[in-house]
Amino acid sequence: MAKNVLVVTEIRDGKLRKVSLEVLSAAKRMADGGQVTAIIIDNNDHELFSLLAHYGADQIFAVSSNQHNSNPAELYCDALATISSRVNPDAILLGHTTIGKDAAPLFAAHIGTALISDCIDIEVNGDSIVCTCPIYSGKAFHKARIKEGIIMATIRPNNIRIEEPDTSRIAEMINYAIEHRNVRTERKSVIRKAADSIDLNEARIIVSGGRGVKSADGFKPLYELAEVVGGAVGASRAACDAGYCDYSLQIGQTGKVVTPDLYLACGISGAIQHVAGMSNSKAIVAINTDPEAPIFKVADYGIVGDLSQVIPIMREKLRKLSH
């Protein structure tokens, strides 16, 4: 049982990332009436503090650092070391994000505990916390638990059900400054290449293009469709290699692993490397001219047809439904 759970939250563009709410929800269920402590770094937005309280935080450490340009993993690791020594958590949860994947193993090694990465479900089984993780590129799943020491895990975005917010909840606020001493790397700048404003890892709907899109111009209808449904645009490695789009959109074994509610695969053959990055989507719709394309084996719904004809019809139908 983990009656004292520490959660690391993340902010992007001034907004709390959705995965942080998922992690808070998992922590609340794990604590089962115990204490959930949240860490938020270099942010003084009281609306965000209230949001954390509404979604389950009992205590919030607003951590300020003297090294704003340091490597985020080192900064988060220092914050975890400082706060965990104060609250003595039974469990520590982070999102399986760029920061979480970097900071979690660093801190786990620092305190000498095991780490369960990329969890898609966390359940309380008696006195044990059992984590479910995909293996073999999503073809199978295994359940794992940490027998001794602090339970530490990262959670894949878009998998944990977010609890309904309780707007009457108020959390204890603690401002805490840490001196970041172990600076080994420094961040000079952040260059963003993706045109989408929606993070692929957190998008509920993804419209993804492959080699069958045929050109960079061929991606324009995909962007238009994504805009209608409020989704993000992704791509297969073949499309990226062909220069149709930026590699920041790549989904697959060597790209991003996503689990949206709806994945629309447009002109994607269904190579195993790509399927590894999207096979756990809640629903998969494939559009391809080849009825024997492997993508149809993993799709819930299939459309055999030309993208240039199917996408505009789909876009207009959905646009009418949204009005």
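In the predicted model, strands β4 (residues 35-41) and β5 (residues 59-65) run parallel and are joined by five bridges. Within this pair, I41 of the chain stands opposite V63 in β5. Both strands belong to an open sheet of seven strands with parallel pairing, in which the order is β7-β11-β6-β1-β4-β5-β12. The edges of the sheet are formed by β7 (116-119) and β12 (172-178), each of which pairs on one side only. On average, and with direction ignored, neighbouring strands of the sheet are turned by 25 degrees against each other.

Helix α3 (residues 72-87) packs on this sheet, where it touches β1 (4-8), β4, β5, β6 (91-95) and β12, and the direction of the helix makes about 125 degrees with that of β12. The length of α3 agrees with expectation, because 16 residues at 1.5 Å a residue should span 22 Å and the end C-alpha atoms of the helix are 22 Å apart. The buried residues of α3 are A73, E74, L75, Y76, C77, D78, A79, L80, I83, S84 and V87, and what covers them includes, besides the strands β1, β4, β5, β6 and β12, the helix α4 (98-111). After α3 comes N88, which has a positive phi, near 50 degrees.

Nonpolar side chains tend to be buried together in soluble globular proteins. In the present model, the largest nonpolar core comprises 38 residues, of which V5, M30, L52, L93, I116 and I122 touch the most other members. Helix α1 (residues 18-31) gives the most to this core, contributing eight residues. For I122, when neighbours within four places in sequence are left aside, the residues in contact are M30, L93, I129, V130, C131, I155 and I160. Another core, of 23 residues, lies apart from the largest one and includes F61, V63, A79 and A108; among these, V63 is the residue that stands opposite I41, while A79 is one of the buried residues of α3.

The side chain of T97 is joined to that of E10 by a polar contact of 2.5 Å. With neighbours within four places in sequence again left aside, T97 is in contact with R17 and V19 as well as with E10.

Note on methods. Residues are numbered from 1 along each chain as its sequence is written. This is a predicted model: local features need pLDDT of at least 70, side-chain atom pairs count only at pLDDT 80 or more; totals for chains, interfaces and linings use all residues. Side-chain values use heavy atoms; hydrogens and water are left out. Two strands pair if DSSP finds at least two bridges between them. Helices (H or I, at least four residues) and strands (E, at least two) are DSSP runs, numbered from the N terminus. Axes are lines fitted to C-alpha atoms, for helices over the stretch in contact, and angles run from 0 to 180 degrees between N-to-C directions. Contact means heavy atoms within 4.5 Å. The expected span of a helix is 1.5 Å times one less than its number of residues. Buried means under 20% relative accessible area, exposed over 50%, partly exposed in between (1.4 Å probe, protein chains only). A nonpolar core is a set of buried Ala, Val, Leu, Ile, Met, Phe, Trp, Tyr and Cys residues joined through side-chain atoms within 4.5 Å. A polar contact is a pair of N or O atoms within 3.5 Å; within protein, one must be able to donate a hydrogen and the other to accept it, and residues adjacent in sequence count only if both atoms are side-chain atoms.
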